[in-house]
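Here's a quick tour of a few helices and the residues around them. Have the model open while you read.

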Amino acid sequence: MNFLRGVIAGQAAGPQPSGAETIQKLCDRVASSTLLEDRRDAVRALKSLSKKYRMEVGTQAMDHLINILQTDRSDSEILGYALDTLYNIICNDEEEEQDAVTPLPVSGKHKNVSAPDENAQKQADDLGAQFTDTFIQEPEHVTLLLSLLEEFDFHVRWPGVKLLTALLKNQCTQVQGVILVSPMGVSRLMDLLADSREVIRNDGLLLLQQLTKSNAAIQKIVAFESAFERLLDIITEEGSSDGGIVVEDCLLLLLNLLKNNSSNQNFFKEGSYIQRMKPWFEVGDDNSGWSAQKVTNLHLMLQLVRVMVSPVNSPGATASCQKSMYQCGLLQQLCTILMATGVPADILTETINTVSEVIRGSQVNQDYFASVNAPSNPPRPAIVVLLMSMVNERQPFVLRCAVLYCFQCFLYKNQKGQGEIVATLLPSTIDANSISAGQLLCGGLFSADSLSNWCAAVALAHALQDNLTQKEQLLRVQLATSLGKPPVSLLQQCTNILSQGDKIVRRGSKVQTRVGLLMLLCTWISNCPIAVTHFLHNQENVPFLTAQISENLGEDERLVQGLCALLLGICIYYNDNSLENYTKDKLKQLIEKRIGKENFVEKLCFITKHELYSRAAQKPQPVFPSPEQMLFDHEFTKLVKELEGVITKAVHKSSEEEKKEEEVKKTIEQHDNIVTQYKELIREQDAQIKELKEQVDSMSSQNEQMQSTVTQQLSTIQQHKDQYNILKLKLGKENQSPSNGQGDGSQVNGLQTEELTQLREEVEELRKQQTLLQTQLGDKDALINSLKSEAAQAAQTAEGSAGGSENTELLKELEALRSQVQSKSSEINQLKTERQELVRRAEAGSSDTVPSSDSSIDTAKMAELESRLAAQTTETERLKGETKGLSESRADLEQQLASATSTVAILQTEKAKLQTDVQESKKEQDDLLMLLADQDQKIHSLKQRLKGLGETVEDEDDLDARDQTDEEEEEDEEED
C-alpha cells in the first residue's frame with residue numbers, strides 16, 4: 001500500500017519512475033495480489049493514468065482489466081473502475097472523456113494535460129479503433145459486457161453502457177454482429193430505457209442509436225421490443241417539441257428504426273402511433289420564442305412524418321399512411337403551421353416539404369389542401385400564397401424550391417387540380433379583382449428573374465402532365481403584350497421569348513430561362529397533335545429550331561441544342577400531317593439537309609449525358625445546391641427517357657417504311673373494329689340468352705305452381721268422391737229400412753227427416769264447391785293458354801339457341817298437365833250427374849214418407865216417440881260416459897303395459913346376462929373336466945409304472961369292490 005501511495009502521490013526523494021514503468025508495476029499488482037483491496041487500488045490507479053498514458057494502459061493492462069471483469073463479479077467498485085479504464089482507452093471523444101467519473105486527486109505534476117493537436121487527435125482515433133479491435137477479437141468479451149449490463153448497481157451499469165457505445169462507434173458492424181447472435185442481447189439493451197435513473201436511460205438512448213444504424217435485423221428486433229411505445233412515452237414526458245436533448249435523441253432513434261424499413265413502418269402504422277404524432281405539432285399562437293432545441297426537435301419530427309410518406313416507399317404503404325394522417329388531423333395541423341406567422345424559415349421550409357409528401361398522389365388530401373385558406377384579409381388560397389413566395393426572388397432559394405415541390409405534389413395524378421389551375425388562365429374565368437394561380441405563373445414565366453422563369457415553366461408543365469384536355473385548353477389562353485396591339489397566345493409568347501434568347505437582360509443563369517421554356521413546350525405538345533399543329537403554324541419556329549441545332553455553340557449551349565432537337569423530334573413524331581409545309585416527310589428532309597440525321601441524334605443525346613439530368617432523375621424533390629444548377633425536373637426526365645428512342649427511330653425511318661407502318665396500323669385498326677363489332681354482337685347475344693334463361697326459369701316456377709295447384713285439386717276431388725260414396729251408402733240403407741214395424745218406422749221416419757235436411761245442406765255445399773272448382777279450372781285453362789302462347793314466343797325467339805329444347809320440354813309438360821285437368825273435369829261432371837240423381841232420389845223418398853207418417857201417427861204416439869227419444873238420448877249420454885271411463889281404463893292399461901314392457905326388457909337383459917354367466921360356467925366346467933381327464937391319465941400311467949416296479953397298487957375298482965363286499969357282510973350279520 002505504501003508503494004501505491006508513493007506512486008500516486010509522487011514522492012520527491014529519489015528518481016521518479018516513468019509512466020510505462022508505473023503502469024507495468026500496477027499491472028503486476030493487479031495480476032499477483034491476492035487481496036481484493038490491493039487489486040481495487042491498483043485498478044483505480046490505472047484508471048487515473050488511463051487518460052494521460054492511453055497507449056501504455058491500453059497495451060499493458062487490457063487483458064488484466066478483462067480478467068477483473070470475469071473474476072471479480074462480486075465487487076461492484078472494482079468492476080466500475082475496470083469499465084471506466086477500458087472506456088478511457090477506447091473512447092475517442094474528448095467531451096465524453098471529461099464526463100467520466102472523477103479520479104482520485106493526484107499531485108500537481110500530473111494534473112495539467114495539454115490539449116492534443118490535430119495529429120494527436122488523429123492518432124487518438126486510430127488508437128481507439130485498434131483497442132476496439134483488440135477487445136472484440138474474442139466475442140465472449142462483448143457477451144461479458146452485455147451480462148454486466150444486467151447489474152443494477154449504478155457504478156457498473158453506467159460505465160458499461162458508455163463502453164459498449166464507444167465500441168459501437170469505433171467498430172459498429174462487428175459489434176452489431178456479436179450482439180445480434182447473443183441470446184437476449186438486444187432485450188438486455190432495451191431494458192435500459194426502463195431504468196428509473198435518467199442518466200442511464202439517456203445514455204441507453206445513445207447506445208441504441210449506434211446499435212440500430214444500418215442494420216435492418218436489429219431494427220426489427222428493437223421495434224418489436226416495444227421501442228415505439230417507450231420512445232413516444234419519453235417524448236411526451238419530456239415535453240414533446242418543447243423538450244430538451246432527450247427528445248432529440250428519441251427522435252433520432254425513431255428515424256433509425258423507420259427509415260428504409262418497410263416492416264417497421266407498417267408496424268408503426270398498424271400500432272396507431274401516427275395518431276400520437278399529432279400533439280407534437282400543436283404550436284401555440286405565440287411563436288416568438290423558438291429556442292434552438294425546439295427548432296431541432298420540430299425539424300426531426302417533420303422528418304419522421306416524411307419518412308412514413310416518402311415517395312421511395314411502396315405506393316400502398318404510402319397511401320395508407322396518408323389516409324391515416326388525414327383522418328387523425330395531422331395534415332390539418334401541418335397546414336396550420338404552414339399558414340402561421342413567426343415560424344422560423346427552416347421550419348417553414350421543412351413543413352412545406354412535409355405537406356407536399358403527405359398530399360402527393362392522394363386525391364382526398366389534395367382536395368383538402370386546395371380548400372385551405374391563408375389567414376389574410378381577404379382570405380386567399382394557400383396555393384396562391386405559396387406561389388407568390390415561389391415567384392418572389394427575395395425569398396430564400398430553399399423556400400422557393402420547397403414551394404415548387406409542394407405545387408408539383410399537389411398536381412401529381414390530380415386531373416381535377418390541373419383543370420382548376422388551367423381554368424384560372426382562361427378568359428372566361430379571370431377575375432380582375434383577385435390574384436389567381438394562373439396569373440402568378442404567367443407573371444413568373446415572363447419576369448426578369450431566370451429562376452422565377454424556370455420555376456413557373458416547370459409548375460405550368462406539371463399542370464399539363466399526362467392531361468390531353470388541359471393541353472388543348474391552354475391553347476385558348478391569350479396574352480395582352482402592349483397597348484394597341486392584338487393579343488397573342490401563350491404558346492406564341494413562349495416561342496417569342498425563346499427566340500429572343502440573350503437579347504433580354506435577365507438576372508441569373510443565361511440558359512435557365514430557355515431550358516425552362518423548352519421543357520414547358522416539350523411537355524405541352526407531346527402526345528397532342530393539335531398543339532403540334534399550333535406550334536408549326538408559326539412560320540418562324542421551325543427555322544429557329546434548325547438554326548439552334550445546326551450551330552456549333554459552347555458547352556453551356558449544348559443542353560439548349562439538345563432540348564431544341566427534342567422539341568423538333570416531338571413535332572415529327574406527333575405530327576398529323578395537317579399542314580402541307582410541315583408534314584413528317586418534309587420535316588425529316590429538312591433535318592437531313594440542314595442538320596444531318598447523325599448530328600441531330602448526337603445533339604439529342606446531349607440531354608441524357610448531362611450531369612444534372614442524372615441527378616434530377618433520382619428523386620422527385622427538387623434539391624439543388626445553387627440556383628444555377630436548377631435545370632432539370634424529375635418528371636421531365638421521365639418524358640425524355642420515353643421519347644428519345646422513338647424520336648430516333650422516327651427520324652431514321654424512310655417514307656416507305658412509314659407508309660407500311662401506317663398501312664399496318666390501319667389494318668390493325670380495321671381488325672380491332674371487327675373484333676369490337678363481334679364483341680358487341682356477343683354481348684347482345686349473351687344478353688338475349690340471359691333474358692331467355694330468366695323467362696325459362698319463370699315459366700318453370702309457374703309450372704311448379706300449377707302442378708302443386710293440380711295436386712291440391714286432385715286431393716279435393718278425392719275427398720268429394722269419398723263423401724259421395726258415404727252418402728250413397730246412407731241412402732241405400734234408408735231405402736231398405738221402411739219394411740220394418742210401424743213404431744220403428746215412425747222413429748226411423750223422424751230421424752230420416754233430419755238426415756235429409758243435413759243431406760240437402762251437404763248437397764248445397766257440394767254445389768258451391770263445384771262452382772268454385774269450375775271457376776278455378778277456367779282460370780287454370782286461361783293460364784295454360786297464356787303460358788302456351790308465351791312458350792311459343794320464347795321458342796321462336798330462342799330458335800337455334802340452347803334454350804329451345806328447354807321450352808319444348810316445358811310445352812310437353814304443359815300439354816300433359818292440360819290432359820290431366822281435362823280428365824279430372826270429366827270425373828267432376830260424372831260426380832255432378834251422380835249427385836243430381838242422389839238428390840232426386842232423396843226428394844222422392846221424402847215426399848213418399850212424410851204424408852204417411854202424418855196420417856198414421858197421432859198425438860199420443862208423438863209423445864211416446866218423444867219419450868223414447870229422450871230415453872235414447874239418456875242412454876247415449878250413459879254410453880258416452882262408459883266410453884270415457886273405458887278410454888281412461890285403456891290409458892291405464894296402456895301405461896301398465898308400457899311398464900310391463902320395460903320390466904320385460906329388464907328381465908330379458910338379466911336373462912341374457914345369466915345366460916352369459918351359464919355359458920361361462922359351462923366353459924369353466926369343460927376346462928375342469930379336461931384337467932381331471934389329464935390328471936386321471938397321469939395317475940394311471942404312474943400306477944402302471946409302479947406296478948412295473950413291483951409295487952402293490954390298489955385300483956379304485958378294487959377298493960370299490962372291497963367296500964361293497966364289506967357292506968354285504970355287515971348286512972348278513974345283521975340278518976343273523
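Helix 16 (292-308), helix 17 (315-327), helix 18 (330-339), helix 20 (363-371), helix 21 (382-390) and helix 22 (397-411) are among the elements covering the buried residues of helix 19. This is a predicted model, where local features need pLDDT of at least 70, side-chain atom pairs count only at pLDDT 80 or more, and totals for chains, interfaces and linings use all residues. Residues are numbered from 1 along each chain as its sequence is written, and side-chain values use heavy atoms, leaving out hydrogens and water.

Helices here are DSSP runs (H or I, at least four residues) numbered from the N terminus, buried means under 20% relative accessible area with a 1.4 Å probe and protein chains only, and contact means heavy atoms within 4.5 Å.

Why call helix 19 largely enclosed? Because 12 of its 15 residues are buried. Among them are Ile347, Asn353 and Glu357. Just after helix 19, Gly361 has a positive phi of about 80 degrees.

| Helix | Residues | Contact residues |
|---|---|---|
| Helix 29 | 529-537 | Val532, Phe535, Leu536 |
| Helix 31 | 558-573 | Leu567, Ile570, Cys571 |

Lastly, Arg201 sits in helix 12 (residues 198-211). At 7% relative accessibility, Arg201 counts as buried. Leaving aside neighbours within four places in sequence, Arg201 is in contact with Leu192, Leu193, Asp195, Ile234, Glu237, Glu238 and Val246.

Conventions. Helix = DSSP H or I, 4+ residues; strand = E, 2+ residues; numbered from the N terminus. Buried < 20%, exposed > 50% of the residue type's maximum accessible area, 1.4 Å probe, protein only. Axes fitted to C-alpha atoms, helices over the stretch in contact; angles between N-to-C directions.
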